[in-house]
Amino acid sequence: HSFSFEKMLLLDGVTDVHNIAAIIRTAAFFNFDACFIEKKKEEFSPDFFRLASGGFEHTKVFCIPDSISFLKKLKNYSLYAMDEKGSEQVTFSYPLCLIIGSEDRGISFALKRQSHLVKIPAKGSFTTLNASVAAALAMSLV
């Protein structure tokens, strides 16, 4: 399958509806074309759409059953995964897919192996972020 999106997101196992809604809203803010969510069913509650506050009108949202199978379809995309072992100095090339990992396990090992790892530089001693906050900071870099 070929996509014509310049900038897109892949949410690898992000499950919290508040995080997903905030990420979609932020994706619209940073002009991301599409967001792919690893989710078995394409079911969203009315509250979810309210939480996303218009993000769906500006960023296309797709549910996919499996992140790894999805990435295999992205032949001409540069893949960037947010990881604390990544580089703080990355030059992004387009088209790109920015990968955000789940709240508990982060990005799956198989996806890390296929991606450029990007680190958000921490200024303090606390080094972990909420998934939606990390996604917002990462999107601001692109």
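**Close-up views of a predicted protein chain**

The protein chain exposes about 8100 Å², and carbon and sulfur atoms supply 52% of it. Accessible areas come from the Shrake-Rupley method with a 1.4 Å probe; for residues, only the protein chains shown count as cover. The model is predicted: local features need pLDDT of at least 70, side-chain atom pairs count only at pLDDT 80 or more, and totals for chains, interfaces and linings use all residues. Residues are numbered from 1 along each chain as its sequence is written, and side-chain values use heavy atoms, with hydrogens and water left out.

View 1. Helices (H or I, at least four residues) and strands (E, at least two) are DSSP runs, numbered from the N terminus. Of the 142 residues, 44% are buried. Buried means under 20% relative accessible area, exposed over 50%, and partly exposed in between (1.4 Å probe, protein chains only).

**View 2. Six strands form an open sheet with parallel pairing.** The strand order is E3-E2-E1-E5-E4-E6. Strands E3 (60-64) and E6 (116-118) are the edges, each pairing on one side only. Neighbouring strands are turned by 30 degrees against each other on average, direction ignored. Two strands pair if DSSP finds at least two bridges between them. Strands E4 (residues 78-87) and E5 (residues 96-101) run parallel and are joined by four bridges. Tyr80 has Leu98 in E5 as its bridge partner.

**View 3. Helix H1 (residues 17-29) lies across strands E1 (7-12), E2 (34-38) and E3.** H1 runs at about 170 degrees to E1. Helix H6 (residues 131-141) packs on the sheet and touches E1, E4, E5 and E6. The direction of H6 makes about 160 degrees with that of E5. Axes are lines fitted to C-alpha atoms, for helices over the stretch in contact; angles run from 0 to 180 degrees between N-to-C directions.

**View 4. The largest nonpolar core has 25 residues.** Such a core is a set of buried Ala, Val, Leu, Ile, Met, Phe, Trp, Tyr and Cys residues joined through side-chain atoms within 4.5 Å. Leu9, Leu11, Phe32, Leu98, Ile100 and Met139 have the most contacts inside this core. H1 supplies its largest share, five residues. Another core, of 17 residues, lies apart from it and includes Phe5, Ile64, Leu71 and Leu111.

**View 5. Leu11 sits in strand E1.** At 0% relative accessibility, Leu11 is buried. Not counting residues up to four places away in sequence, its contacts (heavy atoms within 4.5 Å) include Ile20, Phe36, Ser67 and Ile100. Leu11 and Ser67 are 56 residues apart along the chain, with their C-alpha atoms separated by 8.1 Å.

**View 6. Two loops carry backbone exceptions.** Most residues other than glycine have a negative phi, and most peptide bonds are trans. Asn31 is not a glycine but has a positive phi of about 60 degrees. Asn31 lies in the loop between H1 and E2 and counts as exposed at 54% relative accessibility. The peptide bond from Tyr94 to Pro95 is cis, with omega near -5 degrees. Pro95 is in the loop between E4 and E5.
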